[in-house]
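The sequence and structure are shown first.

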Amino acid sequence: MIRIQERSEVVERDGTDMSTACVLCSHNCGLKVDVKDNRIDKVRADDTNPATTGYSCNKAYSIGHYVEHKQRLEHPLKRTADGEYVRISWDEAITEIAAKLNAIRDTSGPTAIALNGIGGQSNHMDALFAMGFMGVVGTPWYFSSYAQEKSQHHWIDQQMAKSPPGLYFHADAWNSDVILLMGTNPLLSNRGHNPTEGFKKFFKNENNRLFVVDPRRSETARRAHVHLAGKPGTDAYLLMAMVKHILDKQLFDSGFLKDKAVNFTELEKAFRDISVHAMCAACELDVESVTDVAEQFARAGKASIFYDLGVEQIRHSTLVSWLMKVLSMITGNYAQPGGNIFSGSFSPAVAPVPAMKPYIAPVSGIQGIATLAPMGMFSPYLLPEEIEAGNIQALIVEGSNPLLAYADTRRFERALRKLDLLVVIEPAFTETARVADYVLPTPTGYEKWEWCTFPKGYPEIYAQLRPPILSGPAEALPEAEIYSRLVTAMGLVPKAPEVLHQLAGQKHLGLFFGALGGIAALRGRMDSNKTLGHAIFRAYQTLGPRLENPSLVTVWLTSVLYALSCRRDVVRHLGPDYRFASPFRLAEELAERVIKHPEGVQVALKDVGENFSEAVRTRNGKVNLVPKVVLPLIKQAIAYSESEDDSFPYMVSAGERTQWTANTIQRSNEWRKGKGPHFWIKVSPKLAEEIGAKQDDIVILETAVGQLDAPVIISDTMPDKLVSIPNGFGMEYPDPETGELKPVGRNANLITSLDERDPITGCPYLKHQPCRVYKKDLLPMNAPAI
């Protein structure tokens, strides 16, 4: 075992005006904080952050609760035979875990080992080390929360355009003339950078139009010029109706399609027998409203599709993703300013390696999808069944909490308990940690060097490296050190050769990175993931100790790979003085700027005129409008008929965003403000009348999976057959008086299904699951036992 870092970072106990960022959602708004006696004392938005420019929502001011709570981990723990946890040393933990992983790998192969998590919303410094660990172990199993939301978009983009997995189809909304907004309520959820100001800008032009598709009368829907309040979960039919109408009326942009697309005739053929009237009937919308929206979208100079979870966690979500791309293409808005552009981040723009055959999940037949990086990512909804089948025997959970984050908590827990080895790497003693064999403490995102790699801005590309602003528990080690110790203890990564140590000490690092790449490639033996693993861990051993913190090799490697793959974007930003600089010289400049600017810094500038060519990597440079894999999805959607079950007459949408819901790293309830229940079951007045419930009555929400109870909120914004509950609750937290663990609100995943999911990606139907609701102690007469 090779040790590089012996303890967590130690910083000054007091500080003022320190740059950092919020970690409670993917926007990561820039913040300034004051620290007093090693506690976050004051928080304010950072107007020097180049991406968020002084904006943050209310949640950012609660980040101190993420760090300071009663369930922080301070030492490595091991579960004993009687289920108790005892403190052990790091050497004991790493040695024992490495031995067990090697035993499983030797007897059942590397595919018996899996990893879930990596980083969470804002802490991505671990990503290269986690992927490197997977690479040298040789496992294809990477389960991520991102793949319960958005992997269908990357799959469709690769089928249509062979797009790099690090690009994301994003609305250039505030530069649009028309916005079609689907499955999101940004005026409450803050989806998109500062949407309040964005909409103010948008509405200043009285000719602009906002069309909102939402079964609820949401805050954003109230501002819409047209609100299409259709049947929940039928967005695919609405989009098919719009595309069909545009094709029938020949409102498509024929010049754009001629230059940039193939298979338009196949598209017409695929829609030949689709009826606009039938599609509108399926989503319970009148034909005139739908066709009017379609025509205005098609005739607009610039039109974008602004979307989120509401269309990503429903039936036919992969088809919806394709239909959005088709609608954007046929109207000439695909990869165009004011339409939908492909945004990226400070990560290499590389396509999946063609020689890499996607790994197929044995139970479901679902393949790993190259998402965010050129490696397969799996929906976590496949994980329990693969454990149940014996295909996965060991699991590393890092930066994730499956027993709150994923569906059917009870089944998930049974699966986790069946594993031969479960290791949890976390700052907190979470619900998942309480069933682990080993729990390894890591600092929070404010107690170590961190950064976030989510896209921020376009055409500017930004990066923000956050130095630690607090000292963490002495024995909490950063993920980079944990993975490094594991792979060296397993004998998978030997000690780096002396030549790398010598080259790492030179002023300019071109020779170092050249030698590093050559040595890693030899060790990787043409396997790109294994090569990455050998590169990151050898860099950590050699260059790491020479940096302010060894984990910062991530910044250097990212800078090298970005300079190699996005050279023109880097030079466009840095200026003509760097026109003839080598990629390694560019990388040095990028890394130095990132490290010197904790408030964030611009690292590249995209050419908006090249967005199409950057995203479309087909040989002919054109988008394939109708990949063959899509045709069965169209037929399945048209043939699908939602069966009515009197036992479960309603639909529940799990995960409504509110001002006081965040991800589950907020353990206590102390950060929430305001009166009234924060967890509730929301229904329409008519539904409340049907079940005999009044405001704040305790009601039961039940599905085929389970049930939960909560106060009922009666709202005329809700359609009559839809039930809504918020996300981000259910943490079991010590009672302030007794110390007994009690749930904070209710865990929505007590009632959601692992099997209700998309057949291509495994993305769940969390926004559309059959349910029933009744007052406590008043079980409906026709309700079967669960």
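## Strand β9 and its neighbours

The model is predicted. With β10 (residues 209-213), strand β9 forms a parallel pair held by five bridges. In general, the strands of a sheet pair through backbone hydrogen bonds, in either a parallel or an antiparallel arrangement.

Strand β9 covers residues 178-182, and five of its five residues are buried. The side chains divide between two directions: V178, L180 and M182 point one way, while I179 and L181 point the other way. All of these residues are buried, whichever way they point.

## The sheet β1-β2-β3

Three strands make an open sheet in the order β1-β2-β3, and their pairing is antiparallel. Its edge strands are β1 (15-21) and β3 (39-45), each of which pairs on one side only. From one strand to the next, the twist averages 35°.

Strand β2 spans residues 30-36 and is joined to β1 by five bridges, with the two strands running antiparallel. S19 has K32 in β2 as its bridge partner.

## Helix α21

Helix α21 runs from residue 553 to residue 565 and contains 13 residues. The distance from its first C-alpha to its last is 18 Å, close to the 18 Å expected at 1.5 Å a residue.

This helix is mostly covered, with ten of its 13 residues buried. Among the buried residues of α21 are V553, V555, W556, L557, V560, Y562 and A563. T554, T558 and S559 also belong to the buried set.

## Cavities

How many cavities of 30 Å³ or more does a search of the whole structure find? The search finds five. The largest cavity has a volume of about 490 Å³. Its lining consists of 31 residues, and those closest to its centre are G183, D214, R216, G310 and S653. The elements that contribute two or more residues to this lining are α5 (186-189), α7 (235-248), α12 (309-312), β25 (650-656) and β29 (722-726). By class, the lining of the largest cavity comprises twelve nonpolar, eleven polar and eight charged residues.

The second largest cavity holds about 160 Å³ of space. It is lined by 21 residues, and C452, K456, Y462, A463 and Q464 lie nearest its centre. Strand β21 (residues 460-463) supplies the largest share of this lining, three residues. The lining of the second largest cavity divides into twelve nonpolar, six polar and three charged residues.

## Backbone details

Most residues other than glycine have a negative phi, and most peptide bonds are trans. The peptide bond from Y458 to P459 is cis, with omega near 10°. P459 is located in the loop between β20 (450-451) and β21.

T53 is in the loop between β3 and α1 (63-67), and D696 is in the loop between α26 (685-691) and β27 (698-702). T53 has a relative accessible area of 49%, so this residue counts as partly exposed. D696 is likewise partly exposed, because its relative accessibility is 46%.

## P632 in helix α25

Where does P632 lie? This proline is part of helix α25 (residues 631-639). Its relative accessible area is 38%, so P632 is classed as partly exposed. P632 and L319 are 313 residues apart in sequence, and their C-alpha atoms are 9.7 Å apart in space.

Key:
Residues are numbered from 1 along each chain as its sequence is written. This is a predicted model: local features need pLDDT of at least 70, side-chain atom pairs count only at pLDDT 80 or more; totals for chains, interfaces and linings use all residues. Side-chain values use heavy atoms; hydrogens and water are left out. Buried means under 20% relative accessible area, exposed over 50%, partly exposed in between (1.4 Å probe, protein chains only). Helices (H or I, at least four residues) and strands (E, at least two) are DSSP runs, numbered from the N terminus. Two strands pair if DSSP finds at least two bridges between them. Axes are lines fitted to C-alpha atoms, for helices over the stretch in contact, and angles run from 0 to 180 degrees between N-to-C directions. The expected span of a helix is 1.5 Å times one less than its number of residues. On a 1 Å grid over the protein atoms alone, a cavity is a set of points where a 1.4 Å probe fits but cannot get out, and a pocket is an open set with protein on both sides within 12 Å along at least five of seven lines; lining residues have an atom within 4 Å of a point. Grid points are joined across faces, edges and corners, and a volume is the space filled by probe spheres set on the points. Ala, Val, Leu, Ile, Met, Phe, Trp, Tyr, Cys and Pro count as nonpolar, Asp, Glu, Lys and Arg as charged, and the others, Gly among them, as polar.
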